[in-house]
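Walk me through this structure.

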Amino acid sequence: MIEKIKEHLSEVEAFQSLDSKEIESFRVKYAGKKGLLNDFFAAFRDVPADQKKEFGQVLNTLKNGVNDKVKNLQAQIQNQGGKQLIPDPTRTPFPIPSGNRHPLSIVKNRIIDIFTQIGFTVSEGPEIEDDWHNFSALNLPEYHPARDMQDTFFVQTNPDILLRTHTSSVQVRYMEKNQPPIRTISPGRVFRNEAISARAHCIFHQIEGLYIAKEVSFIDLKQTLEYFTASLFGNSKIRLRPSYFPFTEPSAEVDIYWGLETETDYRITKGTGWLEIMGCGMVDPNVLKNCGIDPDEYSGFAFGMGIERIAMLLYQISDIRLFFENDIRFLKQFKGTL
Ligand code: PHE
């Protein structure tokens, strides 16, 4: 019997209506002369003595619940002056358009996921940098010709302050504060004084990675890169082409095998089937020294890629400017791709 009353309790709690007829029949069903409450009160006599207390309590709760409910619903109707609820006329009309992530954020987050799965942390640093963290610590002393590789925006009144040209500066900061083992990736916005075209922009985004521990070798670098390209592109066929960066030795450019199946493949790979996706190398001992890490004890690798470039390959986008125009027709195509 008690169970039955409890069932009615939840029914009463759930009851909602702003129709006075419905509310009235709800009231009659419970509190009317021949209503359920009277039936339950009549049954009270036959309840065994040891259950009387609980029975009485539950039954009273039900009675109060019914009365409160009816009172509240009637008050709500009164407040509306008997009218049906009308929707708020100042509200945005249905369907309310929902946004989605920017394609660069989608790609960045995917890359972060891939590296955090193998133990990399994410580190960030300032976009306005000093010469030391962007250049000198990275084995690029003043007047080093390689500084020309990255056309830099300097702050006019102070040539020591600049907009970072790569997120390698974050890795310098990280090494200055942490001792190996170090496994970190640094995503962020970078700036280069370049003419804007379909292929280049003066503001873009990078993710750079750094791994430093005992006896880290070039093999570790290659395996990490293979794991990365397999996870992101579903393809681990890569090749490492000798290259030069002042902060790594040896250095390499990473190409992924794209294939030569379509005309587009021919065009974007210039007929080779290979596409360059990033730079990498073994961290130069001078850089470790500059950052307070003993190069006799530790070694490491680093790599860096442009997020726009990766996104352009993944989504077959042919003009980098599209990322920065905030044209909703472009952006909404990436809905649901996260
Ligand atoms: N910092 C380099 C760039 O911006 C990329 C890179 C990072 C290359 C780490 C090698 C190792 O082009």
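How far is an oxygen atom of the ligand from an N or O atom in the side chain of Gln206? The distance is 2.9 Å. The model behind this value is predicted.

Two further contacts belong beside this one. Arg192 places a polar side-chain atom 2.9 Å from an oxygen atom of the ligand. Glu208 turns to a nitrogen atom instead: a polar atom of the Glu208 side chain lies 2.8 Å from a nitrogen atom of the ligand. The protein covers 92% of the accessible area that the ligand has on its own, which is 320 Å².

Now widen the view to the shell. There are 14 residues around the ligand. Those that come nearest are His166, Ser168, Arg192, Gln206 and Glu208. By class, the shell holds seven polar, five nonpolar and two charged residues. Three strands each supply at least two residues of this shell: E6 (203-213), E9 (274-283) and E10 (299-306). Strand E10 gives the most, with three residues.

Next, the aromatic rings. The whole structure contains 15 aromatic pairs. One of them joins Tyr211 and Phe301. Their ring centres are 5.2 Å apart and their planes meet at 70°, so the pair is edge-to-face. This pair links distant parts of the chain, since Tyr211 sits in strand E6 and Phe301 in strand E10, 90 residues apart. Tyr211 is partly exposed, at 21% relative accessibility. Phe301 is buried, because its relative accessible area is 0%, and the cut-off for buried is under 20%.

Phe330 counts as buried at 9% relative accessibility. Phe334 is buried as well, at 6%. Tyr211 and Phe301 also belong to one aromatic cluster, together with Phe115, Phe120, Phe228 and Phe303.

Turn to the backbone. Which residues does a cis peptide bond join at an omega of about 0°? They are Pro180 and Pro181. Pro181 lies in the loop between helix H7 (168-177) and strand E5 (182-191). Another cis peptide bond joins Glu249 and Pro250, with omega about -5°. Pro250 is in a strand, E8 (residues 248-257).

Two residues other than glycine have a positive phi. For Tyr143, phi is near 70°. Tyr143 is in the loop between helix H6 (131-134) and strand E3 (154-155). Tyr143 counts as exposed, at 74% relative accessibility. For Gln316, phi is near 55°. The loop between helix H11 (307-315) and helix H12 (328-331) holds Gln316. Gln316 is exposed too, at 53% relative accessibility.

Strand E2 (residues 128-130) contains Ile128. Is Ile128 buried or exposed? Ile128 is exposed, because its relative accessibility is 55% and the cut-off for exposed is over 50%. Ile128 and Thr165 are 37 residues apart in sequence, yet 9.7 Å apart in space, C-alpha to C-alpha.

Finally, step back to the whole chain. The domain assignment gives domain 1 (2-79) and domain 2 (103-334). Their C-alpha centres lie 69 Å apart.

Conventions:
Residues numbered from 1 in each chain as written. Predicted model: local features only at pLDDT ≥ 70, side-chain atom pairs only at ≥ 80, totals over all residues. Heavy atoms only, no water. Near = heavy atom within 4 Å. Polar contact = N/O pair within 3.5 Å; in protein donor to acceptor, adjacent residues only side chain to side chain. Areas by Shrake-Rupley, 256 points an atom, 1.4 Å probe, with all protein chains shown as cover. Helix = DSSP H or I, 4+ residues; strand = E, 2+ residues; numbered from the N terminus. Nonpolar A, V, L, I, M, F, W, Y, C, P; charged D, E, K, R; others polar. Domains from an automatic or database assignment. Phe/Tyr/Trp six-rings, centres within 6.5 Å; stacked < 30°, edge-to-face > 60°. Buried < 20%, exposed > 50% of the residue type's maximum accessible area, 1.4 Å probe, protein only.
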